[in-house]
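Please find below my notes on the model.

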Amino acid sequence: MSRSIVRLATALALAALPASAQTPRFTVGQTFMAGSTDPGEGSAGWALASHGVAEKLFMVDAEGRLVGSLAESATKDSDGSWVVTMKPGRKFADGTPVTAAEVAASLARTNEKNAAARASIGKMTLEAIDDTRLRIRSERPTPVMAAVLAEWPFAVYRMADKPVFTGPYQIAALRTGDGMDLVPNPNYPDAAQRKPVLLKRFPDGQTMAVALEAGELDMAFNLPVEALPRLKARGIAVKTFLVGYQYMMWQNTRREALSDPRVRRAIDLVLDRAELATAIQGGEPANGAFPKGTPFALNDPRPTDAAAANRLLDEAGWNRGSDGRRAKDGKPLDLVVTAYPQRPDLVTLQPVVRAQLSALGIGVRTRVVEQPGPISSSGDFDLLLWAVHTLPAGDPGFFLNGFFRAGAGNNYSGFSSAVVDRLLDRLAGIASAPERAAVSGEIQQEIFASAPVSFLLTPAWHVGVGPKLAGYRPWGADYHIIRPDFGL
Amino acid sequence: MTALLRAVFLLWLASLAVFVLPALLPGNPALLALTERNQAATPENVAALKAEWRMEDGLARQYARWVTGLVSGDWGLSLRSGRPVADEIGPRLPWSIAIGGGGILLAALLCLPLGFAAARRPHGIADRLTRLFSIAAQTAPSFLVAILAAWLFSAQWRLLDLHTGGPIQRVALPLLLVGIYSLAPLTRIVRNCFVAAGEQAYLRTALAKGLGPGQALHRHAGRPVMLALLAALTPQMTWIVGGTAVVEVAFAIPGLSQLVIESVATRDYSVLRVYVMGVATLMVVVHSGAELIRSRLDPRPVACAA
């Protein structure tokens, strides 16, 4: 009774609510939000597609398959250029038709402005053949243009006074750092069946969990594992799923001790991935670069063999002293394991990795840096824990080329292998998916042999849903959180 | 005039410190910005970015350009987002002002009746309760209380939509907490001042003339109490800046504190400098203003502030 009175009094006292609070809508909590509506800037293209605002020509579906989104097909012409044929009848949110000329203009602009849009094929030249067909030439050739166009920078838009997109939702209001109001795009099929969405940004997962617990959210994406028992105890449904992101540990081959492949392999061999998975209370040991269930995943688990690891270090001349610590020519084998707080799981993994390496006689310290970018770019690390989506466009070329080709932009470990480079060249000429899977498997075996990186885990993420979104099915990452079927 | 010159001198010193100190933070903003822009951190890209930011000019020229822009309202571009700093700060400012300004106003208004009630009967119930309240506020960490309050009012009792409700719902509790934390010391100061005034000869005269203790305090002790309150509010403004930051984080309020946290992490000197300069200006204005009012009202030093 007294609680009802308090609630009534509070409701009366706080009557000055915005109208949006009364409107039927879905409220979704996330820890990230697009900071800009221009795909030419940073990772806005990725965030806007994740919010259901932007679409690309091609996309990766729930099963990890590369499928057409705005486009029907991409075929290679005899002169090496690609012809993309678009689906008929699609419109931008302002009602103008999606023409090849508009698509060409937007992709050319993004390719010019955003370096991420040049990562795979360099500079692009685009021209409209007619209303529905588009010709693309690229600075660097690719056998899988559809996969390239499925990469997150390539959102399609029409540049009016601000970008206009084609997704099922459009942005009605953007409140910097706080949230955005999404309303159904009237020019998208089934628009009348969609409800508006309030997308609320939270600075951290714990606060988001409290909001879900309070019934303020219909969905909270990527909840911290510590909050799960509390939420489940209150009857809130939590959906756990393996994501396309892989956790890994780069080994800096430019460091003296780690320049010897035997040392790197020893480190890789002593890692107990099952123990790591237990530490973060979710996820599965990684078999390689790509998550299980995808066409490019390997079947055999990575071995854990402490005896073999010890032998490798002995062979490399790092011998144990009386205190159990390894040293060579009087110099101790000391390494620093670095992580960054944006992926809290990586920080959780640090002490476990330290304990496992210490058992090998390696002196290990841990370090947490504020931002991962400068450390990875400068190469100022020994061992760097890392999280990355290895199949963002459904094809292994993006990850393998970007991270393992000698001199590549994201080759954090400073790895250089003529064999791997040759295999990557071969991969660049193969179009069929099974053959690409076979060659990517060969590349991974070469990587295992040199161990510039240790693939650790395929993590699990957790999505909390209220009754209104009980049927929500998370796809294997945060690339498409709000989709055309959202809430339908 | 002297006070004005001193204020300008202080602001100039502050601007020097604000300009130089962020640059001493470890971490290279160019590398962080390149990461944000998805560009490789090659020496060429770093050099191009520094040229874009005009960081290759001498420090004196950079400072002169910055101060001129600051005064003329051109606060430059955020190194992180590339948007004007004013556009980054503008939408967040109302939240922080509502919580910080509202909190201190609430405390200033409530401390007078509470302090008066406590002073009317030293060691009485009101006095003991306000003492207990003061001790509790000084000993309970504000971040812990804020997190607990957010959980209780939101998840446990479901009284407020703290995260997705309208502005009033979102601001009410954070404002109240900031107010309560400021109220505790102010109440004790007001109480002590009333008690000290009660021991003055003019109060004894008022009592001898037949006024009750409450009436006498109310009629004759108001001026010294207001002066003491003014003196106490000035340093309290410093706490307000930090206290507001704590509740903004705990309640996920998109105020200035969230922006400052992100700016520190990304070494966004443009935003940090404007923020710190804004806080410094606020402090100088508050101190100078309070001093001016005090000197106009009563130039004698206040003796009753605890």
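1. In this predicted model, strand S13 (residues 219–221) of chain A is joined to strand S24 of chain A by three bridges, and the two run antiparallel. Met219(A) has Val465(A) as its bridge partner in S24(A). Strands here are DSSP runs of E with at least two residues, helices are runs of H or I with at least four residues, and both are numbered from the N terminus. Two strands count as paired if DSSP finds at least two bridges between them.

2. S24(A) also pairs with strand S14 (residues 237–242) of chain A, in the antiparallel sense and over six bridges.

3. S24(A), residues 460–465, is mostly covered, with six of its six residues buried. Buried means under 20% relative accessible area, exposed over 50%, and partly exposed in between, for a 1.4 Å probe and protein chains only. In a regular strand the side chains alternate between the two faces of the sheet. Both faces of S24(A) are covered: Ala460(A), His462(A) and Gly464(A) are buried on one side, and Trp461(A), Val463(A) and Val465(A) on the other.

4. Four residues lie between S6(A) and S7(A), which form a hairpin.

5. The domain assignment divides chain A into domain 1 (3–37 + 167–242 + 461–469), domain 2 (55–164) and domain 3 (245–458); the bounds come from an automatic or database assignment. The centres of domain 2 and domain 3 of chain A, taken over C-alpha atoms, are 34 Å apart. Ten residues of domain 2 of chain A touch eleven residues of domain 3 of chain A, where contact means heavy atoms within 4.5 Å.

6. Over all chains there are 36 salt bridges, each defined as a side-chain nitrogen of Lys or Arg within 4 Å of a carboxyl oxygen of Asp or Glu. One of them joins Lys123(A) to Glu112(A), with the closest N and O atoms 3.3 Å apart. The two residues are eleven apart in the chain: Lys123(A) is in the loop between helix H3 (100–113) and S6 of chain A, and Glu112(A) is in helix H3 of chain A. Lys123(A) is partly exposed at 46% relative accessibility, whereas Glu112(A) is exposed at 52%.

7. Are the partners in the salt bridge between Asp268(A) and Arg302(A) buried or exposed? Asp268(A) is buried, at 6% relative accessible area, and Arg302(A) is buried at 18%. The N to O distance is 2.9 Å. Asp268(A) belongs to helix H7 (residues 261–270) of chain A and Arg302(A) to the loop between strand S16 (284–285) and helix H9 (306–315) of chain A, so the pair ties together parts 34 residues apart in sequence.

8. Asp334(A) and Arg325(A) form a salt bridge at 2.7 Å, N to O. Both are partly exposed: Asp334(A) has a relative accessible area of 40% and Arg325(A) one of 36%. Separately, salt bridges with shared partners join Arg175(A), Asp178(A), Asp181(A), Lys200(A) and Arg170(B) into one network.

9. Most residues other than glycine have a negative phi. Asp329(A), which is not a glycine, has a positive phi of about 50°; this residue lies in the loop between strand S18 (326–328) and strand S19 (331–332) of chain A and is exposed at 79% relative accessibility. Arg158(B) has a positive phi of about 55°, lies in the loop between helix H8 (142–156) and helix H9 (167–198) of chain B, and is partly exposed at 36%.

10. On conventions: residues are numbered from 1 along each chain as its sequence is written, and chains are lettered from A and ligands numbered from 1 in the order in which they are written. Local features need pLDDT of at least 70 and side-chain atom pairs count only at pLDDT 80 or more, while totals for chains, interfaces and linings use all residues; side-chain values use heavy atoms, with hydrogens and water left out.
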